[in-house]
Amino acid sequence: MSNSPWEQLAAVSLSAKTGRRPDEYLQAWREGRRLDRPVWRSEIPAAVRRAVEAEGPCVYCGAEASVVDHIKPWARGGTHDLSNLVPSCASCNFSKSDRLLTEWDAARVQRAIGVSVKVAAVYAGLVEAAPPQ
Ligand SMILES: [Zn+2]
């Protein structure tokens with residue numbers, strides 16, 4: 001991590017993938033913190049969001065979906081790629097928060113694995129990386 005906000009601004013222009021405005025980095029630098037959480041709902045491309053919303057109800061509980069959930073949380077290195085996004089109700093999304101699948105409600109995770117190949121794939125990757133003890 002560089003110390004100068006100007007170096008960080010330069011890094012931003014080189015990495016449009018973050019979807020952040022340069023002044024967010026500057027503000028964070030002034031406050032002595034690092035940006036590690038998503039800020040804007042609009043960071044998920046509209047077409048991707050629509051595709052996820054069309055997938056159906058909340059994969060975790062079956063209720064009507066109202067938000068898009070990052071299977072691997074954005075704050076933990078997950079991406080806005082379609083393969084990492086599933087429809088979710090606000091309740092499950094809030095409950096899951098920044099947790100990995102292996103750190104959250106096992107019953108809801110098991111349900112999601114059964115209805116979503118995307119959740120199943122992410123879960124398999126987590127278990128492979130860190131097998132349950
Ligand atoms: Zn739900």
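1. Let's start with burial. In this predicted model, 20% of the 133 residues of the protein chain count as buried. Keep that number in mind when you get to the core in point 4.

2. Now for the overall layout. The protein chain has 6 helices and 2 strands. If you read along the sequence, the pattern goes α-α-α-β-β-α-α-α, so try tracing that order in the picture above, using DSSP runs numbered from the N terminus.

3. What about contacts across the sequence? Take the contacts between residues at least 6 apart in sequence: 53% of them join residues at least 24 apart.

4. On to the core. The largest nonpolar core holds 18 residues, and the members that touch the most others are Cys 58, Val 59, Val 86 and Val 119. Which elements give two or more residues to this core? They are β2 (85-88), α5 (106-115) and α6 (117-129). Of these, α6 gives the most, with 3 residues.

5. Cys 58 deserves a look of its own, as one of the core members with the most partners. Set aside its neighbours within four places in sequence, and Cys 58 is in contact with Ala 63, Ala 65, Pro 87, Ser 88, Cys 89 and Cys 92.

6. Next, the pair α5 and α6. Their axes are 5 Å apart, and the two helices pack at an angle of about 120 degrees. As for handedness, α5 passes α6 in a left-handed crossing.

7. Which residues meet where these helices pack? From α5 come Val 109, Ala 112 and Ile 113, and they meet Val 119, Ala 120 and Tyr 123 from α6. The residues of this contact divide into 6 nonpolar, no polar and no charged.

8. Last, a backbone detail worth checking. Most residues other than glycine have a negative phi. Ser 97, however, has a phi near 50 degrees, a positive value in a residue other than glycine. Where is it? Ser 97 lies in the loop between α4 (90-96) and α5. Is Ser 97 buried or exposed? With 10 other C-beta atoms within 10 Å, Ser 97 is exposed, because 12 or fewer is the cut-off for that label.

How values were computed: Residues numbered from 1 in each chain as written. Predicted model: local features only at pLDDT ≥ 70, side-chain atom pairs only at ≥ 80, totals over all residues. Core = buried A, V, L, I, M, F, W, Y, C linked by C-beta atoms within 7 Å. Helix = DSSP H or I, 4+ residues; strand = E, 2+ residues; numbered from the N terminus. Contact = placed C-beta atoms within 7 Å. Axes fitted to C-alpha atoms, helices over the stretch in contact; angles between N-to-C directions. Left-handed = near helix turned anticlockwise from the far one by under 90°. Nonpolar A, V, L, I, M, F, W, Y, C, P; charged D, E, K, R; others polar.
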